[in-house]
Every structure is written in C-alpha cells, then in structure tokens.
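Hi,

Here is the structure I promised to pass on to you. Have a look at it first, and then read on for my notes.

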Amino acid sequence: MKYVSEFRDPALAQSLATAIAREVDPARSYAFMEFCGGHTHAIFRYGVQDLVPSNVRFVHGPGCPVCVLPMRRLDDALELAERHGVILATYGDMMRVPGSGRRSMLTARGAGADIRMVYSPLDALALARDNPGRQVVFMGIGFETTTPATGMAILTARAQSLTNFSVFCNHVLTPPAMEHVLAAPGIALDGFLGPSHVSTVIGAGAYRPLVAQYGRPMVIAGFEPLDVLQSVLMLVRQVNEGRREVENQYSRVVTEAGNTRAKEVIEEVFALRETFEWRGLGSVPRSARAIRPELADFDAEARFAISEKQSREVKSCECPAILRGVKQPKDCKLFGKACTPETPMGACMVSSEGSCAAYYTYRRAETMAEMEAAE
Amino acid sequence: MKYVSEFRDPALAQSLATAIAREVDPARSYAFMEFCGGHTHAIFRYGVQDLVPSNVRFVHGPGCPVCVLPMRRLDDALELAERHGVILATYGDMMRVPGSGRRSMLTARGAGADIRMVYSPLDALALARDNPGRQVVFMGIGFETTTPATGMAILTARAQSLTNFSVFCNHVLTPPAMEHVLAAPGIALDGFLGPSHVSTVIGAGAYRPLVAQYGRPMVIAGFEPLDVLQSVLMLVRQVNEGRREVENQYSRVVTEAGNTRAKEVIEEVFALRETFEWRGLGSVPRSARAIRPELADFDAEARFAISEKQSREVKSCECPAILRGVKQPKDCKLFGKACTPETPMGACMVSSEGSCAAYYTYRRAETMAEMEAAE
Amino acid sequence: MSTILRPGAAIEMAHGGGGMATTRLIREIFARHFANPILDQGHDAARLTLPHGRMVMSTDAHVISPLEFPGGDIGSLAVHGTINDVAMGGAVPVALSAAFIIEEGLPLETLDRIAASMGAAARKAGVPIVTGDTKVVERGAADGLFITTTGIGIIPEGIEIAPERIAPDMAILLSGTLGDHGVAILSQRQGLAFGTTIESDSAALHRMVGDMLAAVPSIACLRDPTRGGLSATLNELAEAAGVSMVLKEAAIPVRPEVAGACELLGLDPIHIANEGKLICICPEEQAEAVLDIMRAHPEGREAARIGTVGASMPPGTPGLLRMETLIGGMRVVDWLAGEQLPRIC
Amino acid sequence: MSTILRPGAAIEMAHGGGGMATTRLIREIFARHFANPILDQGHDAARLTLPHGRMVMSTDAHVISPLEFPGGDIGSLAVHGTINDVAMGGAVPVALSAAFIIEEGLPLETLDRIAASMGAAARKAGVPIVTGDTKVVERGAADGLFITTTGIGIIPEGIEIAPERIAPDMAILLSGTLGDHGVAILSQRQGLAFGTTIESDSAALHRMVGDMLAAVPSIACLRDPTRGGLSATLNELAEAAGVSMVLKEAAIPVRPEVAGACELLGLDPIHIANEGKLICICPEEQAEAVLDIMRAHPEGREAARIGTVGASMPPGTPGLLRMETLIGGMRVVDWLAGEQLPRIC
Amino acid sequence: MCLAIPAQVVELLPDGMATVSAGGITRSVSVALVDDVALGDYVLLHVGYALHKISAEEAEATLKMMAEAGLIEEELGAGQ
Amino acid sequence: MCLAIPAQVVELLPDGMATVSAGGITRSVSVALVDDVALGDYVLLHVGYALHKISAEEAEATLKMMAEAGLIEEELGAGQ
Ligand code: SF4
Ligand code: SF4
Ligand SMILES: [Mg+2]
Ligand SMILES: [Mg+2]
Ligand SMILES: [Mg+2]
Ligand SMILES: [Mg+2]
Ligand SMILES: [Mg+2]
Ligand SMILES: [Mg+2]
Ligand SMILES: [Mg+2]
Ligand SMILES: [Mg+2]
Ligand SMILES: [Mg+2]
Ligand SMILES: [Mg+2]
C-alpha cells in the first residue's frame, strides 16, 4: 500500500536504528513523551523500543480521546440511549469503554439499548435519514483530527433539514492538554513526539508558542514505525545540540498552517467551552468544543434533558497519573489482575491507544514480572 | 371435563342412534342444514354421519364468520397492518385465511407486519396498554356470540381512556343470514340445526318469526356430538309429525330471551349497518354491525384511511354456493387439487368451521373418489 | 480466581468472538457442567473409539420459548430429544455434540442454569456431550438461546428398526399421555398464559427402549411423536410403510388438564408435541409383553395400546390413518397443513 | 406437481410445524439438493456402517450475515467448516448432519439456493449430509438462517494429531493468505460497506490434509484459524502444548486488499477469521515436504512457513506467542479479549 | 366463531373478573356479562368472557332424555 | 482518535464526494474539506473525510533522509 509499506521497510528501519545508536550519548538518558496514543500503539505494535538504545525511553502522553473522556460523559451517552430511547451512533472505539457500574455501550446494547457502530459521521447521517421516526444522536469524540468531520455532518444535517439528528459533543483540543503537561512542576521530559494527524488540521505552527514558552524540543511525527524512528533521531539531535524547536518529520501531510478549510468548519460549528473536565488532567480551561448556540437543534445536550449524576472512577485506577506521564501501568496494582481488557477498570485498558492496553497486549509478561519484583 | 365428557358418551350415543334409526322413515329422505360451522366440525370430528341412517343428510350452512367474510375486508385488515403500521391483534382463526394474491396474515407477518394472535379482546387491550407508542387495532369478527366481548373491550378502552386502541369491526348477525337461506327459491331443506352459542346471547325467541314465516322445523342444538344426535332425533320427529317449530335442545345454556346484559352491550356499542357484503350470500340488508359514531375514536374504519380496492375471489372457488347450501365441496373442481389447507383458494378450506376444510381433513379419500367417478 | 459469572453479567458479542472471552465462557460454563473424559481433552473435535458396526446419527435444533418451562428447559430437552432420536433408530446412544447460538444480553446465570441442567441430563442418561460450539449473535438476531444437539449410537446385533418392517395387524402402542409438553409450553405463552400443574414430559427413553428391544427384538418400528404430535408421526409411518392404521380415540391416554387446555384453545391433543413419549409398533402377539416392559419404567407407566395396523395400501392413498371416535364414528386423522393455531371457532 | 417454490414464496411458521408443510419443505428443498443413499432412507436418524476404529466428531453453528457473500454462502460454509474441523482432527470425514433454524419470512428461493450450494459443496467434498432437522422461528427471533453441521470421521492407522505432540523447534506452516473470509464479510456489512474483489476463502481442506498426512504422518498438529484468526488459534495451541512460538510478520501472506481493509478499519489480519486455511505444525525437517504438498493443492498454493515453535514453558506463562515485526522488533501476539471492533483511533 | 367451553368459577376477582377452571387449567376471565355469578357456578366461556351460566338441572334432564331415547316403550315403563 | 490512511482518488463524485482506493479496496468518502482534489491524488482519509493531500515530493524526501541516516559521512559522500 503506497505511503504505508514504504514506511515499514526493514532496511530503512535498520538505517535509522544505526543512526540513532550512533548519535545517542550513552552517558545520558533521553525521555520523550509521545503525546498521541497513535504513537504508543505504533511503538508497541512494531517493537520500536527494540530498535533504539535502552537509554532512550518513551513516556506515554494524554493523547487518547477515549482515555481522557471523564466517565460522567460516557454515563451521559448511555443515558441518552437507555432513557431517551435514541439511536446512539458511535465509533467502535467507544463500545467497550467502562462507565459507572461496569456498564459499557456493549453491555447497554446487550441489554436492549439501540447503539450502532459507525465508521463515519456520514453513516450517522444516513441512520437519521433511514429512521425518520427515531432520534439519532452521534457521539462526537476526538481531537482536532475528528472535529471537522463532526462539524461537516452538522452542516450537512442543517442543509438537508434533518430534524432527528444531533451530536453529543466531546471534542477536545490538543494544545491546552499539551500545555497542561508542560506546565506541570518538575517535568522530566527531554522532548515531544508531536501529534501527527491532529497537525494535518491545526498545522505545525500551532505548537510554536508552547515550545517557545516551555522550551522543550518537539518533532511532529507520523504514525508509521519509520516515522517514529526518524522523529526520535531528530529529537536526539535537538537534545544533543541544545535546540528547542518545532520540527516537522511528517511533512508529507503536515504544513505550517494545516487545513484552513477544516479550521473554518470548526469555527463555524463549534464554540470553545470555558472549561472541560479531562480524566487525569482535571479541569482544563478552553480545552474543548461545544456546538454553537445557533446550531442548538443539532446539540444533543440542548435537546435532551441529561440528568445530573455522580460518576465515580475506580478508586485505585492509576489512569489519571499515567495520562499525565507521571506513572506507568506497572505502577497500578490492578494491572493484569482485576484490570484486563476483558474486565477493564479504566479506559486506558480498553482504548487501542491506551497505555495499559498496549502494555497488557504487547508486554504483559515483562510488566507483570517487574510488578512482582517491585513487591 | 364436566358438561363436556358426558355429552360424548358412547352409550348415550348408541341410545340416540337407536332411537333415530327406529324413528326415521326409510321411505323418505331428511335434509337438515346445520347453520353453524361448529356443528359441521362436530359432525365430521366425531363421525356423526356414521351413527345416523344414510337417508338423513347434513347440509352445511353459512354459519362460519371466517368463511363469509368478503376478501375485501381481509385485504383492508392487511392494509392496516402493512401500510398504517399498526399492531393488528386477531384471533388465530384469521391467520391463514387467503386474501388477494394469496396473501394472508401469516404471510404478512412473515414479511414484517406486526400481527399478533390473541385469545381474547382483553389481550388486545393489554397490547394497547403495553405499547403506548403504537396503535393497536383489534380485528373484530364473529356472530352475536363474539360481538359482546368486542363491545366490552371498547367500553373498557373508553373507561380507561386508551387512545391507541380501535376495532376493525366485521361482526355479523345470524337471523338475516338464516332468512337469506330460507328465502332462496326452491329450498330443499327439511329442517335446521339452530345455532348453539349464538343463541345463548340472542335467545331461542329470536328465531320464532323466521320459523313462523318460512315454515321449517328448527332445533337449537349444542355443539357436542350427543347434542347433534339428539337434535337430529328432535328434527326427525318434527318432520314425521308435520310440526314446524323452534325447539331448544341446548336448554342448559340457551333460554328464550338469551343474555339481556350482552344484548344491551351490543346495542350500546354498535349500530346496524344498512347493508353488508357476505361471501356467498351477497349484500344482505341490516345484517352486520358497525361501531356507533359516538365511539368513532375506537373505530379503525374512522381512524385510518383505508384505500378503495378491488379484491377478487378465486374464480372457480365454489365457496359462495357451498355457503348457501346449494353445492358441496365435491362440486368444486379445485378441491384437493389446487385447493388444499396448505394452498387454500377460499376461506372454506381454511377455517376450522369451513365445509371444504372438514371434507378435506376428514373425508378426503371418499370425496375425491366421488369427484373422479363424476368426471 | 475471577469468574465470568458476576451478578447481573450477560452475554456480550465478545463471548462469541473466538478470543479469550469465548474460551472463558466455554471453560467456566460448558466444560464445567459437561465434564467428561472425551470433552476434557479440550480439542475442537472429539475423539472416541467405537466398536465396528452399524451406527445411527441424528440431529435436532432446539428453539423453544420460554427457555425454562414447567418440567424442564431447553438444555435437558436438547439432550433428551437427540438421545431419543438415536434410540428410536434402535441404537444405544454413545455420544452427543452440542452447538449453542446465544443472543447478546442473555443473562449468564440463565445460561449457567441451562448448561447445568444439560450436563445433569447427560450424566443421568449416561451419554456424554463430547464436543461443542458457541456462537453469539446480536440482540434481536436470536431468541435467547438455541441449542443443536447431534447424537451417535450403535445398533446392537439383530435389531432392525424401520418403517418398512411395519406389517398388517401389528399393534400400535403409545408409552403414555399425549400433549403434556406442548400444553406446558402453551401455558407460558404470552397472550395465552393459563394456570396449570402440567409439566413437560421431557425425558430420555433409551433405557426403556433398550429393555424393550432386548426382550422383544421383533419390534418393527419406534418413533417419538414430537413436533406435529401423534398424527404427524403416524401419518409419516403409515405412508412410509404403505399401510393403513386405525386408532381408538377412547384408548389414547390424555391428562384432564391437557384435555381442558385443548378445549379452551380449540386444539387437538393428537397434534400436540411430546418430548418423552414413544410410539412402538410390534407384532400383535408381543404387544402385551412390550406394554409390561414399558409400564415397568417410570417413563412408560401409562403405556397403552392405541390402535392396530390395517391392510397394505398403494402409495399415495389418502386417509391412511383413521380413528374410531369416542361416540363410535370413524374419522380420518390427517396431519396438519401448518402449525396448530389457537382458535375461537 | 405443485411445488412450494412459488415466486415470492417465503418461509412461514407452518414450515416448522412438523406437519405436511414441513415434510414438503424437507422433500422439495433439502432432500432434493442433498440426495444420497443414506439420507434418502428418509428416517429421522441416519444409519451408516463404519469400520471399527478411532472416530472424530465435531460440530459448529453457523450464524453468518449476510447469508450470501462474495465467494460463498452460509450453506457451503457450514459444509466446509465442519469437514475442516473433522480433518483437523486427523480424520477422514465420512458423514455430516445439518440442522436449520430459519426465520419466518426468509424467501424460499434464498433457502433453495443455499441448500443447493450446500448439496454441491457436500458432493464436491465427497462427504454426504446423512440426516438433518428444520425449525422455523418467528420473524425477529433469528437472523434469516442458522445452520449447525456436525461431522464424523475416521482416523487412519498411525495418525495422531494433537496439540500435546507439538515440540520445540517444529515449523509452523500456514496454507495461504490471512483474512480473506473476514474481510469479504466485512465488506458487505451495513455501515462499513466498501468495494473489494476479495472473496471468502471458504473451502474444504480434507483432501489436502489427507495427502499431507499420507506423506508426512509425523505432522504433530493441524488447526483451521477460523473465529479469532491466527492469533487465537496459535495462542490456544501454544497454551495446550506448553510451548512458546515465534512468528515472522514478513512471512505471513496477506492480500493487498485485506491489508487495505485492515488499515481502513484499524484491524489486524492476524485476528481475522479464515474459512479455508489451516495451520500445520510439523518437525522442522519435514517442513519443506509438507509445504510442497500443500502448494500442489489449489487451497494451499500460497502456503508459507510463518514461524517456529520455541522452548517448552510452564503452564500459565503469559505471552507464549510472539512475532518479529516488519521492522525487526519483537511483540507479543495476544488473543483478543472480545471481538475485533472497527476503530478510528 | 363460537368455540365456547364450560368452566367453573373458582375465585371471584375485582372489576367483574373471575378465575375459572376447565379440566384443571385455570384462567382469569371476565364475568361482567353474566349476572349474579357465584363461586362454584359453571359458566360458558368464549374469548375470555363468560356468556351464560350453565343450568345443572337442564343438563341433567337432557342427559336423561338421551338415555331414555334408545329404550323402547316397555323398557321405559319398566325403568320407571 | 486519529487512525488515518493514505488513499488514492479514483473517481470524483457530485456533492464533494469521491471514490478512493486503498490497497485495492474502494469507498466513497467526502473530499469537501480539501481544495482542488484531482483524480489520481493521494489523500489522507479519516472517518470518511479526506483531511489533506499527500505530497509525493515530501514523502520522497523523507524516505531519502531515512535511507541516508544510517550511512556514515564517507558513504554519504560516495553515494552522491
Ligand atoms: S491497569 Fe486498569 S486500573 Fe490500572 S491504571 Fe490501567 S486502566 Fe486503570
Ligand atoms: S375447495 Fe377451495 S376453491 Fe373449492 S370451494 Fe372450497 S375453498 Fe373454494
Ligand atoms: Mg433428529
Ligand atoms: Mg427429534
Ligand atoms: Mg424424533
Ligand atoms: Mg467451533
Ligand atoms: Mg428477541
Ligand atoms: Mg467444531
Ligand atoms: Mg469450526
Ligand atoms: Mg476449527
Ligand atoms: Mg428433527
Ligand atoms: Mg432480523
């Protein structure tokens, strides 16, 4: 597959590994946070760690929208499906995420709620057209990559005068989350692998103020394993050379300005929320999107009375600290015991971008051995 | 089972058979019409013919509400279920009855229509209560036996302010149909087995004017095989003695006046239709019930726009003549060939009270042999 | 160890996905309840060693609603039904397979109860469930649970059970009352529900059959009158054998409650399903001996001779099966064109 | 003669009632398409004579949607699937049973087409369907049609196929490309539908297996990676055998279209179902011989060695199955907790 | 349209309903169409409604007539 | 939330839609968010929407840098 296979080439991987090995300073260590769960996934899926020296360490960041969604929002979505009887259209990613009382979209569907997996907001629109007698709510979730598609769906619904389509909006912004990590006292990171697909929309320029203010190197990195390796090489060089810049490894789709049309759609459809709750990060100001009041007809939060509720995360789940990059899955005593992908206690164990899921799936033996040793 | 087993006793059957054999005049023949399909069923089910001399012959009458329902009314019911998307509640008897184009409630249900079998109008009311978001239409059908139950359901719906319950009313009257048979020119009947359960409602008195006017003996007869035998004995005696009276064999539940309370319910809920189409008999004046205009909320014909349609009976189906008692199933060239209970061409082949069904189920071999001989 | 049987837990699509959840479902429910040396080998296919000989194989899909009913459940029924079909072939049942189609949302407790009942039925019958399969379908794509069982058995030397061996003048025997299963199920059906103490007759008949065949190897034919009831079964046999048959209505055992339910709903017990009854056709002179053996088993306590085979008839003759009615008349006993529907006229 | 296959005719409840309609459905569709001497005897249970010996019995419920898909349908799939399971036990399949659960409203034409395809698949494979069962459930109580097939087979002398025989250093072979079946099905799914020329790989593998075992009786284990795909199957085997295994990602054959669909939906071909592929584990020194035999069959043309058995491991060791990735790293290949869901992140 | 069966009232319920028993099976039905229904009464049941009480005396008399029908005059006389 | 794949535009459709192909599989997607999409272009596809065109030159340059990364200075010089 063009633009995919080339970036998984073993000879090029060796070339990059050789360069990294050569340039890494054995006398120091390098801790790079990959902001995106997509990078976490690629690192584990391809065993990237095996190709870099052991003093280069990956720290997993909060860039997994499923992981950072507070349980309360998921419970709200379940309420829409169960109490308001809507057709809830959602990405497959959300189906297994645990809400309060170990409920999830999958168990709710099993219990009779009408929850449909879709691949695209276009499919949710089609559901609304095909079920004129039912209300269809699309669970909008994701960073800036996904927000324009949700926005387009709302504009299309308005153009087609669909009266039974709305969006339960949970879209969040990348830079405020990144700032939250950077601003944390005592941050021990030597650099960042910057978001890849988010950056196709917001552009490399979006990170320059942050990098300027907090002085950490950042390389916008593609999601293929060679992209990760090359970005590591670029970060190692910045560190070695004392530079603190935004560099763009993923130049084949990321430009300085991003996608202007997509940014216009976001602005047209969404306003900034004053503040929004992130799992792990807490309340982050101006970090999320809401549907503009003039489009309230398409806003599920405006259309349906969603009850106040107390959603309580599993107490000893370390997701929050893991999402901030200050703990690892092995630091959670539930990992691999009470918490497995089959009986997840936190979203990080479910999302394909979640750190706990990655450690469980690809490194369970080692992680559990480390846990035993630590006891 | 009390009041059932006693009336199927083999010794009593022999006693009655002996009396009939003794009193029948071998020099003449006796043709008795059993008005009700219920009698037809009993006669075949128990082999009553085997217990009476061969010069006593049963002629089957139009007393099968399923058989006399014009196809148009069934098509209308199917339209309610298919086009108006209601829950159609109906007795099991209607499920297999063929409408236009070989469609039936069973095939319509198989194709997705929401058709529910009920045992009682009370079950239809429960469906309406349990499905507040759906319209429930009960297919009201039957003679005076069944009409009061439908009436009670409408009164209950009104009392409970049910706004999603209505009745598609096809209730018909016995005396006008009987008069239609009696008034036919050249009628060759020596007497009538009068309706049993209809008479519990309308009373024995209801038939006296007809018997007086047309001068044929009538014995109101129960549906158990001994009731039929005893009624035959009573008819034989009337014939032999030249009497033309209404006698009441079924005195354990039929009185002269019938059930006054039930008759009041009928009057309260239903008006007489000016005329109504019967399969076989054609238009019969003042022979059917409609829901009174003040209860139009519960009248499916008032609530739903039912389209005009041409329903065409299968051309060579002899049901009409059979229902008038002027032909027998063996006179229909489709019998047992194109028309079987599996692929019925007329309602008489489906209803458990239908003559063709009775001949097919209980006397197929003999009937088809007679047909072959006649060719 | 954690168990999947948490309170309130229900079947999810994952349980059918073939991954860990499927494996745990199989281990913690099916393997636990069905445990036997062959199944315990844990292969996708069972391995067993059989003596050389004539074998019988039979399969039935079970789709009953409700899943649990007075006198049984779909699990025990699926075991009994297939054991009986193998036994009706004259064979000694030796092994069963079981395939489950489960609707998303089925409470795991229900599944566990049914699997337990199924395992108990198999153990009681001495016929192990040696292999199985589990599929989960989305909510609305099945009705709770369907179970297909397949059975194999070995026919003893000298036994030959086949409709073709039915001959004129043979006796027609029935092992007990008609209609108990069907009426027990009907009593639970929405819209019909009525009160009754009737229980399904669901039972494994192979031991009784074993004794019958050991004592009277000349038995011509055995059949369990399940779906379609006595009428469908005897019509099929009469047609296959090319003979007429005459039943005596007064001789057919029917419980009063079954008779009552039939009067209420306009049904005839001869069309109603049974799940623990058999029809045996044997030489007239052996009839009493066979009845005695049947009556010695709890499943055959109310066995009765209900009719006689008539003359040989050319194929295609209609009305092969007739019945002398209660009042002494004669009627044909046809099989039904469709399922028997409750009626009011 | 009239036929039930009138234009527009659909399954009605009556077809499952056990009466005349059921009999006609069986005669005019199933018996017609499946015709073989054993089935034609027309008994409720099949009778067959088997040589003495070790037997294999396996069952699978088939619940696929859509019923007809590129490269096959539920009927041929049900035949192939069970033949394969019997063959994976090292046995020569000799007979199948088939139980049908049909949703009211299924067009008879569809059923007829599927039964025809099933009969053709059985004939082509030389494995007769010897007995069957038909049930009809109300609309909404099933998803069109479910078919449960059960197969029996005889294990030739000297053959012993079992996970326990898997030993360190053995070769892991795969008979062809991964994921064709699963992707062909996904391409038809509502909401996901995409265009592809991929067809299901559904095929009977018993002849290829026969040749493999005849030439290399020391083959240790065979398994078809159906539900749960390669990962579930090898994890199960590794656990059962108590060994580790290492795969080489670059050696696993995957069609470009399958790779494309997996990229689009965020799936991994190693978790996707196959219906005409097998995994063979054999002594290292026989690997090339077995590959040659596989490649001589159309079903094995793209056979490849995909990995090697590692050391013996204590039971319960996590991460027994690992894979050298495309770029030369190492990862664990876990089986999935649930079904693989399409994802966007 | 007239399948109706005899059933005995075994329990009177509110709202004109009653539990009846037929051959040991029970069901709750409406007795609103029949006046003065008492426990133990037999009624004729149709589509969930009692249509009429059954007269024990009339039933007795009917059965007696049936039994006597087959006797010849002399037997009748002798029987009395 | 960012699974996005390269796909080639193989047909332009009305209403801002296009058919794209990825590894031989095709799907109709929206290209309304990207300006001047032409037949044959590669785009980055996410949840049914094209997010950005893929620059062949940049991709080429990136791969070239990757290949050169492992070479030591001399090899690099020799290769040029
Ligand atoms: S292992 Fe589970 S409980 Fe622990 S941090 Fe991860 S998701 Fe939370
Ligand atoms: S046999 Fe069929 S076609 Fe002929 S009169 Fe009877 S119902 Fe009509
Ligand atoms: Mg069977
Ligand atoms: Mg059976
Ligand atoms: Mg059977
Ligand atoms: Mg299986
Ligand atoms: Mg259901
Ligand atoms: Mg199997
Ligand atoms: Mg299988
Ligand atoms: Mg298998
Ligand atoms: Mg069967
Ligand atoms: Mg369906």
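How many residues does the contact take from chain E, and how many from chain C? Chain E gives 13 residues and chain C gives 17 residues. Please keep in mind that this is a predicted model.

Together, chain E and chain C bury about 1200 Å², with 69% of that on carbon and sulfur atoms. Between chain E and chain C there are three residue pairs in polar contact, both residues at pLDDT 80 or more, and zero salt bridges. On the side of chain E that touches chain C, β3 (25-30) and β4 (42-46) of chain E supply at least two residues each. The most comes from β3(E), with three residues. By class, that side of chain E has eight nonpolar residues, four polar and one charged.

Finally, ligand 2. The residues around ligand 2 come from chain B and include the cysteines B:C317, B:C319, B:C332, B:C339 and B:C356. Also among them are B:E318, B:F335, B:M345 and B:M349. The shell around ligand 2 is made up of 10 nonpolar residues, one polar and one charged.

Happy exploring!

Notes:
Residues numbered from 1 in each chain as written. Chains lettered and ligands numbered in written order. Predicted model: local features only at pLDDT ≥ 70, side-chain atom pairs only at ≥ 80, totals over all residues. Heavy atoms only, no water. Contact = heavy atoms within 4.5 Å. Buried area = accessible area lost by both parts, 1.4 Å probe. Salt bridge = Lys/Arg side-chain N within 4 Å of Asp/Glu carboxyl O. Polar contact = N/O pair within 3.5 Å; in protein donor to acceptor, adjacent residues only side chain to side chain. Helix = DSSP H or I, 4+ residues; strand = E, 2+ residues; numbered from the N terminus. Nonpolar A, V, L, I, M, F, W, Y, C, P; charged D, E, K, R; others polar. Near = heavy atom within 4 Å.
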